[in-house]
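Hi everyone, thanks for having me. Let's look at one structure together, step by step.

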Amino acid sequence: MSRPPLFAFALIALLASRAALAARPFNTDDARVVDPGGYQIEAYVKDQRGIKETEYWFLPAVNFGGALERFEFALGGNVIRSDPNGNSDLVLGQVKTLLKPLETNGVGFALTVGVTRLNPGTSLEVVSTPSGLVTVPGETSTRTHYDPYLNAISSVSVLNDTVVLHFNAGATRDTSAHQTIGSWGVGAEIALGGRIFGIAETYGVSNEKPAYQIGLRYWVIPARLQVDGTYGWQHASPENLNWISIGMRILW
């Protein structure tokens, strides 16, 4: 696939119809939370090539409603099977607060704060950021470590929710290497008609080349059960990476 960044944003420009919730299969977060009194489970598998690696994710979330109706609480994690880096596992706890609700043809703002507990399977220093796992060059660590993070989020609805754009800027404190890693993301969700929606995004961390991802989501049961899939790529060093993901999202 030639000129992948242009392809991703050409997709944004070409597609159209009704609104959806961001979440899976985005990496870039959105300025929305689970409905008050509601629950959500996201689960997916991501299989990567270039550096052979498979991630298994399970992420439940809840909105308790009442005085906490603008807050979403999540507790989940993953298991990673990696040929060169060994197996690792991660537990994530996060609180997301809605600062300004997103309205049709309007702008919304949110903020997430959280901490990850990473049990690395390699001597390389690995850190989990809002944009994914990052290997820190020149650093080694096999210790389990806890890394706090925050992520500022804005979302913009245009064309009566036909397209919703998301912008992220975040930072993670690598407590093992005593440094702060910046992260960012830009994404678009596009209504394609009926129950089908497209996504396109680019995201990354400081001192690394950006990653790109495109995908589709389909509401099997509207606002209750969603299935999705993505294709992504990154021109990285020492290997160029590409991956596919398949997931589902349940709300009640």
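I'll start with the overall fold and then visit a few residues.

First, some ground rules: this is a predicted model, where local features need pLDDT of at least 70 and side-chain atom pairs count only at pLDDT 80 or more, while totals for chains, interfaces and linings use all residues. Residues are numbered from 1 along each chain as its sequence is written, and side-chain values use heavy atoms, with hydrogens and water left out.

So how do the twelve strands close up? They form a barrel with antiparallel pairing, in the order E1-E2-E3-E4-E5-E8-E9-E10-E11-E12-E13-E14. Strands here are DSSP runs of E, at least two residues, numbered from the N terminus, and two of them pair if DSSP finds at least two bridges between them.

Is aspartate 228 buried or exposed? Buried, because its relative accessibility is 7%, and buried means under 20% relative accessible area (1.4 Å probe, protein chains only). Its side chain makes a polar contact with the side chain of arginine 24, at 2.3 Å. A polar contact is a pair of N or O atoms within 3.5 Å; within protein, one must be able to donate a hydrogen and the other to accept it, and residues adjacent in sequence count only if both atoms are side-chain atoms.

Arginine 24 turns up again: leaving aside neighbours within four places in sequence, tyrosine 44 is in contact (heavy atoms within 4.5 Å) with residues including Arg24 and Trp57.

Definitions and conventions. Helix = DSSP H or I, 4+ residues; strand = E, 2+ residues; numbered from the N terminus. Buried < 20%, exposed > 50% of the residue type's maximum accessible area, 1.4 Å probe, protein only.
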